[in-house]
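Reader: Could you walk me through how to read the strands and helices here?
Author: Gladly; let us look together.

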Amino acid sequence: MMKALKVAGLFCLAMCAALPAHAQSYAVGADVSFLTRCEQDGVVFKEAGQPKDVLAILRSHHYNWVRLRLFHDPASSADELPNDLSYTLALAKRAKSMGFHVLLDLHYSDSWADPGKQPIPAAWSNLTHRQLAGQVFTYTRDVISTFARQGVMPEMVQVGNEVTYGMLWPDGKLPANWDNFADLVRAGIRGVQAGRGRKPMPQIMIHIERSGDLNAAVGFFDNLIAHDVSFDVIGISYYPYWHGGIAPMRENLDKLAMRYHKPIIVVETAFNWKPGGMPLKSADFPETPQGQEAFLRAVDAAVRAIPDGLGQGVFWWEPAVEGPLRERGFFGDDGNVLPVISAFDKTAAQ
């Protein structure tokens, strides 16, 4: 009897540990990291023909979260990306003043970090593994403490971006260097904890892009948990161009939820409102304004249907953009917001 009680107690503790640090309402979100740059470049975004603040448009259509990426030193990269600390802080202040929650996406790179590349910041390029883990801790602590002092503490923090194959290559590249990768992630999480001061601990998201590959997603999270990395939320990217149709994505997310008993957020998704030359793995929806809206409604429905209420949000990747990416944003060639803006109106009213 005592042995059975002990086992039951351990199971209970494990289930409690799987719960998020503090609950939140369903996240209707958008990554708006390019927004300020677009405005500085003179791009005008409109609703019903009238110029309007993109954040105000989003807020009036039930969006309650923004996601903001942060690069270590984008000025040292040739990509000319704007997302340094001062830029990101200013955008976070603006969003917070309008009632948004903030998800901070730490890339740990001077430029894009994704499954195909996870470059070490130039300033860290000659460090040993131990020194690199120390820099991840110190940098994360300092970033979070700056946000806390500025009164814009993020409610959630991503430690790495699309880290299916690790981060800070080659030191933390997977699958060869799981021990190193786990060290780096734990260092980032400790940095969040150390930097928050007396503020509530942000939820920790671990973000991969394998919404269309259940075996790869399970292999990643099984290894992560086996390496004693404690986190709160599973973040997933879903782009039908690379990940296939809605039905298999939904099935995969259901299985991940049941296996890990953790909240799941589709933290990146997008679909074109006009053809952009990307080969589609799925023809679930046409690349039209109406097709784009139907796509987002379907993604939202799939996430809300995840068992036990573990589907906890959807974020569109960059609704307000310029250049070639505009065809997957929320605004047409005339600057007016497209039908996709209303995708959450019905569910929010229920």
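Author: Strands pair if DSSP finds at least two bridges between them; strands (E, at least two residues) and helices (H or I, at least four) are DSSP runs numbered from the N terminus. This is a predicted model, where local features need pLDDT of at least 70, side-chain atom pairs count only at pLDDT 80 or more, and totals for chains, interfaces and linings use all residues. Residues are numbered from 1 along each chain as its sequence is written, and side-chain values use heavy atoms, with hydrogens and water left out.

Reader: Which residue in strand 6 stands opposite L106?
Author: V159 does.

Reader: In what order do the strands of the closed barrel run?
Author: The 8 strands follow 1-4-5-6-9-10-11-12, with parallel pairing.

Reader: How do I read two packed helices?
Author: Two packed helices are described by the angle between their axes and the distance between the axes. Here helix 7 (residues 214-226) packs with helix 9 at about 20°, the axes being 10 Å apart. Axes are lines fitted to C-alpha atoms, for helices over the stretch in contact, and angles run from 0 to 180 degrees between N-to-C directions. Helix 7 and helix 9 are therefore roughly parallel (under 35 degrees).

Reader: Which residues of helix 7 meet helix 9?
Author: L214, A217, V218, F221, D222 and I225, which meet N252, K255, L256, R259 and Y260 in helix 9 (contact: heavy atoms within 4.5 Å).

Technical notes:
Angles under 35 degrees count as roughly parallel, over 145 as roughly antiparallel, 65 to 115 as roughly perpendicular and the rest as oblique.
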